[in-house]
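Here is a short briefing on one chain. Keep the sequence and the 3D view open as you read.

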Amino acid sequence: MTSDPAAMPPSQTRPEQTPTPLSAPDFSTPTEVDLRPITGAESVLIALDFDGVLAPLQDDPELSRMLPESARAIRALTTLPGTRVALVSGRDITTLRALADPPESVWLVGSHGAEVNLGTVPTASSSVAPSTTGPSSAAPSTTGPFSTAPSTSAPFSSESSPRRSAEEQRMLEAIDAHIASFEHSLSADPSTGSGTASDGGSGASVRVERKPFSRTVHTRGLDAEFASALHAQVIAVQTEHPGIRVIEGHDITELAVKTATKGDGLRALATADSPAAVLYLGDDVTDEDAFAELEGSRALSGMGIKVGPAPTRAPWRITDPSAVAELLTRLADERRTRQARQ
Ligand SMILES: [Mg+2]
């Protein structure tokens, strides 16, 4: 393994945590990763990011789908004793469930930890529950989360009823107004009303994903200069509303009204399941919060695996969703074999 701490992104470790040494592991093949702490544990939590881990990244985020091999491995894992699988995503839970189509027993964390579903009815994470005064004013939407048209309707479904405080609602409305103020200028052709806006150069599209606690501007496939200018334009809303959190990931800029992280989500899962060991796989900057949770927690015994080349604090690294599928298949096979021997 090599070390290159200078290349690390800003630490998102919670202030009370003691920073741990960073590492930048070399790539391993799926067969080289030492899975013994997971295969041999009496009970395990296997927490998996979705986009870029189970599903290859797509220019159109609506087209993300889990690789069939990973879907098969997850189904196999969920049939094994003492084996809990969870998906941990920046997507809202409704969208995550629709895209991933996981088995019913799979737990879900959405909106970077602000939503946690430990059963059939999603609930807000207790660790990040808002101090709300009542139910959200948002109405159920049938239009889906992706649009460029300014909207006050969040993509809630009947299964998810997250709540926002009055202040969070105010910030979300400010985000919508901000995006609406420049959204029209993105399209060279005002007739572009199909849910995308062209950058006028590459022909690629800007997509705005509307979630219960945030708005995400997707820039994948855009001209780099245009994407950079768009990013600057998006985050300008923070000047007037410093409470808005900017989340940067693979070709996305997200404006969020909650401070929950995937580390919070992972902690909520582990608290509910009390596993003997935790495995977490993620590919993006936001997954570093989950890796930090594994590092910093005395209660969690786990291992993190980074997917892709970006800097990380995880001790292991594999290449891409195909490698993830191979690793999960191997994990299911080895855990089943080991349990059969006991
Ligand atoms: Mg991801």
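Where is S165 found? S165 sits in the loop between β6 (146-147) and α4. This is a predicted model. The chain has nine helices and 14 strands. Of its 342 residues, 46% count as buried. Among contacts with a separation of 6 or more, 66% join residues 24 or more positions apart.

- Along the chain, S165 and K258 are 93 residues apart; their C-alpha atoms are separated by 9.8 Å.
- Helix α4 covers residues 166-183, which is 18 residues.
- From first C-alpha to last, α4 reaches 25 Å, close to the 26 Å expected at 1.5 Å a residue.
- The buried residues of α4 are E168, M171, L172, I175, D176, H178 and I179.
- Seen down the axis of α4, these buried residues fall within an arc of 160°, so they line one face of the helix.
- E173 and A177 are exposed, on the other side of α4.

- Strand β2 (residues 83-88) is largely enclosed by the rest of the structure, because six of its six residues are buried.
- T83, V85 and L87 point one way from β2. R84, A86 and V88 point the other way.
- In a regular strand, side chains alternate between the two faces of the sheet.
- Strand β1 (residues 44-48) runs parallel to β2, and five bridges join them.
- A47 has A86 as its bridge partner in β2.
- To get from β1 to β2, the chain passes through helix α2 (residues 68-78), and this β-α-β crossover is right-handed.
- Strand β3 (residues 107-110) also pairs with β2: three bridges, running parallel.
- In β3, W107 stands opposite A86.
- A right-handed β-α-β unit is made by β2, helix α3 (residues 93-100) and β3.

**The nonpolar cores**

- Which residues touch the most other members of the largest nonpolar core? They are A47, A86, L87 and V324, out of 54 residues in that core.
- Helix α9 (residues 321-341) gives this core its largest share, seven residues.
- Another core, of 19 residues, lies apart from it; among its members are M171, F213, L222 and I244.
- M171 is also one of the buried residues of α4.
- Beyond its neighbours within four places in sequence, A86 is in contact with L45, A47, V106, W107, L108, V109 and L269.

- Strand β9 (residues 214-218) is mostly covered, with five of its five residues buried.
- S214, T216 and H218 point one way from β9, and R215 and V217 point the other way.
- Strand β11 (residues 252-256) pairs with β9 in the antiparallel sense, over five bridges.
- In β11, L255 stands opposite R215.

**Two aspartates with positive phi**

- D101 is not a glycine, yet its phi is positive, at about 45°.
- D101 lies in the loop between α3 and β3.
- D101 counts as exposed, because it has 11 C-beta neighbours inside 10 Å and the limit is 12 or fewer.
- D251 is not a glycine either, and its positive phi is about 60°.
- The loop between β10 (245-249) and β11 holds D251.
- Is D251 buried, exposed or partly exposed? D251 is partly exposed, with 16 other C-beta atoms within 10 Å.

**S28, before α1**

- S28 is found in the segment before α1 (36-39).
- S28 and W316 are 288 residues apart in sequence but 7.2 Å apart in space, C-alpha to C-alpha.
- Neighbours within four places aside, S28 is in contact with V33, W316, R317 and I318.

Notes
Residues numbered from 1 in each chain as written. Predicted model: local features only at pLDDT ≥ 70, side-chain atom pairs only at ≥ 80, totals over all residues. Helix = DSSP H or I, 4+ residues; strand = E, 2+ residues; numbered from the N terminus. Contact = placed C-beta atoms within 7 Å. Buried ≥ 20, exposed ≤ 12 C-beta atoms within 10 Å, placed from the backbone. Pairing = 2+ DSSP bridges. Right-handed = clockwise from strand over helix to strand, strands pointing away. Core = buried A, V, L, I, M, F, W, Y, C linked by C-beta atoms within 7 Å. Expected span 1.5 Å × (residues − 1). Arc of directions from axis to C-beta.
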